[in-house]
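The stops below are given in the order in which to select them.

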Amino acid sequence: VRCERAKSDPLTGAFQPVRCKNCSGLLGKRFSSHPNPEYQVVVNNYSLDRSRIKSYELGSGDQEAMMEANNTQAASNTDNNAEMGSVLQAVQSVQDDVAKVKAMTLLFDERLRAIENLVVPQSGAEEASTG
């Protein structure tokens, strides 16, 4: 397998064609970007056309290119994990704020009920004395 120089297409994004070393037949693509967010799973991965592959041997590829691809994928995963951690922290912060607002609302409700209990019996007593 050999990867050629990157190409770009507005519909499929940036990719490297993947060809057979022996016959130079197109086997698939390795995407470096994709314009559609639903297809981000293919970025930094190989998309191979199985109908074009007659046989293959694992571990026979260029180790340096494989390590570079793995390092790129690991860096991408690290970025995704950092972004997910940031999102989780933001969600936790919002949940904490909601819990504080709930606690304050319950406290205000208790105080208002206590005030109402003090005011309501007095106004009822005044009506009885004036009536």
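The tour goes from the overall fold to single residues and pairs.

**Before selecting**

This is a predicted model, in which local features need pLDDT of at least 70 and side-chain atom pairs count only at pLDDT 80 or more, while totals for chains, interfaces and linings use all residues. Residues are numbered from 1 along each chain as its sequence is written, and side-chain values use heavy atoms, with hydrogens and water left out.

**Whole chain**

Start with a cartoon view coloured by secondary structure. The protein has five strands and one helix, in the order β-β-β-β-β-α from the N terminus. Helices (H or I, at least four residues) and strands (E, at least two) are DSSP runs, numbered from the N terminus. Of the 131 residues, 11% are buried. Buried means under 20% relative accessible area, exposed over 50%, and partly exposed in between (1.4 Å probe, protein chains only).

**Phe15 and Phe31**

Select Phe15 and Phe31 and show their side chains. They form a tilted aromatic pair, with 6.0 Å from centre to centre and 55° between the planes. The structure holds one such pair. Rings of Phe, Tyr and Trp (its six-membered ring) pair if their centres lie within 6.5 Å; planes under 30 degrees apart count as stacked, over 60 as edge-to-face and the rest as tilted. Because Phe15 lies in strand S3 and Phe31 in strand S4, the pair ties together parts that are 16 residues apart in sequence. Both Phe15 and Phe31 are buried.

The criterion is NZ of Lys or CZ of Arg within 6 Å of the ring centre and within 35 degrees of the ring normal. Next, select Arg30 and Tyr46: the charged end of Arg30 sits over the Tyr46 ring, 5.8 Å from its centre.

**The loop between S3 and S4**

Move to Ser24, in the loop between strand S3 (13-19) and strand S4 (26-31). Phi of Ser24 is near 65°, a positive value in a residue other than glycine. Ser24 is partly exposed, at 33% relative accessibility.

A disulfide is a covalent bond between the sulfur atoms of two cysteines; the cut-off applied here is a pair of cysteine sulfur atoms within 2.5 Å. A search of the whole structure finds zero disulfides. Cys23 counts as exposed, with 59% relative accessibility.

Go on to Asn44, which lies in the loop between S4 and strand S5 (46-48). Asn44 is not a glycine, yet has a positive phi of about 65°. Is Asn44 buried or exposed? With a relative accessible area of 13%, Asn44 is buried.

Then select Asp49 and Arg52. These residues form a salt bridge, with the closest N and O atoms 3.3 Å apart. A salt bridge is a side-chain nitrogen of Lys or Arg within 4 Å of a carboxyl oxygen of Asp or Glu. Both ends are partly exposed: Arg52 has a relative accessible area of 49%, and Asp49 has 33%. The structure holds two salt bridges.

**Along helix H1**

The other salt bridge to select joins Asp109 and Arg113, where the closest N and O atoms are 3.0 Å apart. Both residues lie in helix H1, four residues apart, about one turn of the helix. Asp109 is partly exposed, at 34% relative accessibility.

For the last stop, show a surface and select Met84, Val87, Leu88 and Val91. They form a nonpolar surface patch with about 360 Å² of accessible area together. Patches are made of residues with over 30% relative accessible area and no salt bridge; like charges are joined within 9 Å, and nonpolar side chains (Val, Leu, Ile, Met, Phe, Trp, Tyr) within 5 Å. Accessible areas come from the Shrake-Rupley method with a 1.4 Å probe, and for residues only the protein chains shown count as cover. Val87 is in helix H1 (residues 63-130) and is partly exposed, with a relative accessible area of 43%.
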